[in-house]
Amino acid sequence: MGIGTMIMSTCIGTAPASPVHRAGAARLACALIAGLALAAPTQARTATPRPPADPPVEKIRPSKIILVGDSTIQPQSGWGSSFCGYRIVSTAACLNLARGGRSTKSYRAEGSWDVALGEMKTPGYVDIWVLIQFGHNDQPGKPGRSTDLATEFPANLRRYVAETRAAGAKPILVTPLTRRQFRDGSLIRELDPWNAAIRKVAAELDVPLVELNARSAAVIEAMGPAMATHYAQSAPTPDIVAAALTGTTSASDPSVPVPPAPPLPPLAAGAPPYTARVRPLFDYTHLNRDGADLFAGIVADELAIKVPAMRPLLVP
């Protein structure tokens with residue numbers, strides 16, 4: 001017998017002998033109570049089920065890429081910003097620590113390498129890769145920067161590799177970006193001795209090598225001197241274009257005035273002053289955005305070939 005039936009039987013059995021309207025009211029009350037008791041199990045059976053538990057969160061396996069080198073990598077004049085901004089997936093941190101005018105000697109002497117070493121020791125990353133590219137400022141004629149090609153330059157590279165590994169990171173050597181100067185229609189390859197020294201150190205120490213110089217030189221030579229001027233950080237002047245069309249590049253005419261940079265907006269009260277700005281002149285080394293995109297793509301392609309473990313981090 002259900003609970004509702006039991007309640008109804010009890011109510012009917014115990015209703016007092018009273019006037020009809022009082023007996024009817026009592027029976028009605030009992031009927032309502034019995035109905036609620038009969039409905040309760042049904043309501044329990046139709047209750048809304050609990051939502052399923054959230055699936056377990058899959059932890060990321062982050063990596064870091066550190067760029068070390070000179071102005072051909074640094075922001076605004078090199079390929080590094082395009083590489084970090086458009087050639088790396090979001091699970092990889094990419095830090096551009098390159099600085100203009102630096103060589104294997106001056107980058108260490110000023111303390112920039114100490115900053116890079118500190119970044120290599122940051123916890124939380126599965127792998128930390130360090131791309132090291134020098135050569136432009138190690139060439140002769142640069143006081144405080146140039147290094148001896150036969151002894152000092154390769155020794156500096158070996159030390160960078162050893163200290164990178166000691167910090168728990170993975171070094172990658174990069175041959176320097178080509179310059180875009182031509183003579184009689186042929187690209188001038190004055191960086192070749194430094195490229196050879198880098199290749200030798202990479203082979204000796206079993207370090208992956210990105211052949212940026214060879215591949216960038218092949219691209220620039222194929223397009224020719226006139227088209228190559230369009231990848232410069234600053235637009236070429238008419239005399240530069242005219243010289244390039246002859247097959248032999250030349251420096252810009254210093255008598256041609258350089259347009260002034262646009263004024264900067266006023267500073268708020270108490271704000272620190274702006275860093276001094278120097279409008280870049282045209283040269284055959286530094287890059288605009290198109291040039292940065294072009295050579296960042298070459299670096300990413302080289303890494304995918306030479307360092308297969310980095311392929312999941314790279315955007316083709």
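A residue counts as buried when its relative accessible area is under 20%, as exposed when that area is over 50%, and as partly exposed in between, with a 1.4 Å probe and protein chains only. This is a predicted model, in which local features need pLDDT of at least 70 and side-chain atom pairs count only at pLDDT 80 or more, while totals for chains, interfaces and linings use all residues. Residues are numbered from 1 along each chain as its sequence is written, and side-chain values use heavy atoms, with hydrogens and water left out.

The structure holds one disulfide, a term for a pair of cysteine sulfur atoms within 2.5 Å. The disulfide joins Cys84 to Cys94, with 2.1 Å from S to S, and the link of Cys84 and Cys94 is left-handed, with -55° about the S-S bond. Because Cys84 lies in helix 3 (residues 80–86) and Cys94 in strand 2 (residues 92–96), the pair ties together parts that are 10 residues apart in sequence; helices (H or I, at least four residues) and strands (E, at least two) are DSSP runs, numbered from the N terminus. Cys94 is partly exposed, its relative accessible area being 22%.

Elsewhere, the axes of helix 5 (residues 112–120) and helix 6 (residues 152–166) come within 9 Å and cross at roughly 30°, where axes are lines fitted to C-alpha atoms, for helices over the stretch in contact, and angles run from 0 to 180 degrees between N-to-C directions. That makes helix 5 roughly parallel to helix 6, the term for angles under 35 degrees. In contact, meaning heavy atoms within 4.5 Å, Trp113, Leu117 and Met120 of helix 5 meet Tyr160, Glu163 and Thr164 of helix 6.

Key:
Parallel < 35°, antiparallel > 145°, perpendicular 65-115°, else oblique.
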